[in-house]
Amino acid sequence: MKNQYVLPTYGRAPMDMVRGEGSYLYDAAGRRYVDFCAGIATCCLGHSHPLVVEALCAQAHKLMHCSNLYGIPGQGELAERIVTDIIGIPGKIFFCNSGAEANDGIIKVARRFGHRHPAADGSPRYEVITFLKSFHGRTLGSMAATGQRKIQVEFDPLLVGFRYVDFNDAEALRAAVSDVTCGILLEAIQGEGGVNPVQPEFLRAVAELCKERDLLLMLDEVQCGFCRCGTTMGWKAICPELQPDLVSCAKGIGGGFPMGCFWVSDRAIDATGTELSSIMGPGSHGSTFGGTPLATATSLAVVTELVRGNYAARAARLGEQLKATVEAWHLPCVEGVRGLGLLRGVALKPGSFAVPEGQTPAGYVNGLCREAGLLACPAGADTLRLIPALNIPEEVLAEGLELLRGVLSAL
Ligand SMILES: *Cc1c(COP(=O)(O)O)cnc(C)c1O
């Protein structure tokens, strides 16, 4: 890649990717890789899925963009599919382009809710509690929400209104709620932070606390949603009866096309029956590119296929297979396999192998995998994340796991 004009914000691998086909990626030198990264859990139907390509091309010939100043027919249909088939709770969708934007959006809804439902002294509530090791994005809002200091360094002062608590610590959470708290935001499975699932009893405690203190229950499903964890949404794999208020989505929703959305519940927030979704009226939020005809048509093809093919069940089955396979190797460098469905983290045992100076164990192993022809993704310092496409053929999954076995057993 000719990169002297590209801002060097990424630690990039030393090859250029030029072509994708199913769960294989090809670099400029013609080398083929088994793809267990899938654009960071984004290309949920693999690369160049014919249904997705066809929808994209057909729409490109008709109309790519026209602005939300006008009706965009596919938007209503896509929103309906997401609300009924994926979220499964009455509510409304706002379309945006990325996970960070979706999180910024639900933070805005929570703040508006805090104005409508102020503290006892009449001042607006505005604080959102989030968790250590969480990841919510890189914009000023979503970065401030993220409970990882390393992504905030030298970007201070941060947006005010966030407080970070240990994940899965109900006592600490309860103690952190104050008069100005208006919501609690979490990932059902922390992706970037190391593939850490929320404990079901903790998730229930969060919901209980939200009810008790009139807080919004906010879920970041950007990585764990859209069938990845073996259920349509990540929280349903852990606590199916949970009724969130706000949900942010991106990554898998577009199957590789830039797309995001957030969902706002229709639930009544007062005795007169005001719906939460009604507090975001005309002029309250917007996005030039949110839900363009092109993005909408592409995402509609992805979501329709995810549901039609019951890829959630497939992810659940293949995820169990993956975990059982890795655990059956009984390798000294593997502590265990965390996660659900096809959002999996191989926990590397600290100190069980030598790591070159300046690298993390996960970063080092990820590089070795790449050299062996397998693309994975680190999650935190000690976890190798495996997030293949949900339609990965079983023989390609087995092929990738064999490459992984080779790398791990040579450590
Ligand atoms: C990737 C990710 C984001 C940020 O999404 P972008 O599309 O990169 O802005 C937010 N939350 C979670 C859980 C993510 O995994």
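A crossover is right-handed if, with the strands pointing away from the viewer, the path from the first strand over the helix to the second runs clockwise. Helices (H or I, at least four residues) and strands (E, at least two) are DSSP runs, numbered from the N terminus. This is a predicted model, in which local features need pLDDT of at least 70, side-chain atom pairs count only at pLDDT 80 or more, and totals for chains, interfaces and linings use all residues. Residues are numbered from 1 along each chain as its sequence is written, and side-chain values use heavy atoms, with hydrogens and water left out.

**View 1. A right-handed β-α-β unit built from β5, α5 and β6.**
The unit runs through strand β5 (residues 127-131), helix α5 (residues 140-145) and strand β6 (residues 162-165). Strands pair if DSSP finds at least two bridges between them. β5 and β6 pair in the parallel sense, over 4 bridges. Within this pair, I129 stands opposite R163 of β6.

**View 2. A cis peptide bond between D156 and P157.**
Omega is about 0 degrees here. Most peptide bonds are trans. Where does P157 lie? P157 sits in the loop between α5 and β6.

**View 3**
The residues around the ligand are S98, G99, A100, N103, F135, H136, G137, E187, D220, V222, Q223 and K251. Helix α4 (residues 99-116) gives the largest share of this shell, 3 residues. By class, the shell has 3 nonpolar, 6 polar and 3 charged residues. Ala, Val, Leu, Ile, Met, Phe, Trp, Tyr, Cys and Pro count as nonpolar, Asp, Glu, Lys and Arg as charged, and the others, Gly among them, as polar.

A backbone N or O atom of G99 lies 2.8 Å from a ligand oxygen atom. For A100, a backbone N or O atom lies 2.8 Å from an oxygen atom of the ligand. D220 uses its side chain: a polar atom there lies 2.8 Å from a nitrogen atom of the ligand. On its own, the ligand has 380 Å² of accessible area, and the protein covers 81% of that. Accessible areas come from the Shrake-Rupley method with a 1.4 Å probe; for residues, only the protein chains shown count as cover.

**View 3. An open, mixed sheet of 4 strands.**
The strand order is β1-β2-β3-β15. At the edges are β1 (17-21) and β15 (374-375), each pairing on one side only. β1 and β2 run antiparallel, joined by 4 bridges. Strand β2 (residues 24-27) and strand β3 (residues 32-35) also run antiparallel, with 3 bridges. Which residue of β3 is the bridge partner of Y24? The partner is V34. Y24 is also the bridge partner of E21 in β1.

**View 4. Residues with positive phi.**
Most residues other than glycine have a negative phi. S67 is not a glycine, yet has a positive phi of about 95 degrees. S67 lies in the loop between α2 (50-62) and α3 (73-87). G22 also takes a positive phi, near 60 degrees, in the hairpin of β1 and β2. That hairpin has 2 residues between its strands.

Conventions
A residue is near a molecule or strand if one of its heavy atoms lies within 4 Å of it. A polar contact is a pair of N or O atoms within 3.5 Å; within protein, one must be able to donate a hydrogen and the other to accept it, and residues adjacent in sequence count only if both atoms are side-chain atoms.
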